[in-house]
Amino acid sequence: MYHVLVADDEPRHRRGIADMIRMLRPDYLVFTAKDGADALRIIEKNRIDILLTDIRMPNMDGLQLIESLGTRMESI
C-alpha cells in the first residue's frame, strides 16, 4: 500500500485529486494538506511514498516544500 500526499490550497482541487486516487486505488492511504507547511507536518509524522503538490500556495509553496525535503534527505 502506498501513502500519497496531495498538497493544494484550493479545497476543490485537493478533494478532487484525493477522491480520484481513492476511487482508482482504494488500497492507497491518501493524506491532504492545504499548503506546504501543512504538508511538511504530515510528512514528519507519516511515511509518504508519493507527493502531489501545487506550485503556488500560501505559507510555503510547492517548490519550497520540495527544496525543504531535499535538504532533509541530504542530512539523513
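In what order do the 3 strands of the open sheet lie? Good morning, colleagues. The order is 2-1-3, and the pairing is parallel. Here two strands pair if DSSP finds at least two bridges between them. Strands (E, at least two residues) and helices (H or I, at least four) are DSSP runs, numbered from the N terminus.

A word on the source. This is a predicted model, in which local features need pLDDT of at least 70 and side-chain atom pairs count only at pLDDT 80 or more, while totals for chains, interfaces and linings use all residues. Residues are numbered from 1 along each chain as its sequence is written, and side-chain values use heavy atoms, with hydrogens and water left out.

Strand 1 (residues 3-7) runs parallel to strand 2 and is joined to it by 5 bridges. Val4, for example, has Val30 in strand 2 as its bridge partner.

Helix 1 (residues 11-24) packs on this sheet and touches strand 1, strand 2 and strand 3; contact means heavy atoms within 4.5 Å. The direction of helix 1 makes about 175° with that of strand 2. Such angles run from 0 to 180 degrees between N-to-C directions, and axes are lines fitted to C-alpha atoms, for helices over the stretch in contact. Helix 2 also packs on the sheet, touching strand 1 and strand 2, and its direction makes about 145° with that of strand 2.

How do the helices meet one another? Helix 2 (residues 36-45) and helix 3 (residues 62-74) pack at about 30°, with axes 10 Å apart. The two are therefore roughly parallel, a label for angles under 35 degrees. From helix 2, Gly36, Ala39, Leu40, Ile43 and Glu44 meet Leu65, Ser68, Leu69 and Arg72 of helix 3.

Finally, a search of the whole structure finds 1 aromatic pair. The ring centres of Tyr2 and Tyr28 are 5.3 Å apart and the planes stand at 75°, so the pair is edge-to-face (centres within 6.5 Å, planes over 60 degrees apart).

How values were computed
Angles under 35 degrees count as roughly parallel, over 145 as roughly antiparallel, 65 to 115 as roughly perpendicular and the rest as oblique. Rings of Phe, Tyr and Trp (its six-membered ring) pair if their centres lie within 6.5 Å; planes under 30 degrees apart count as stacked, over 60 as edge-to-face and the rest as tilted.
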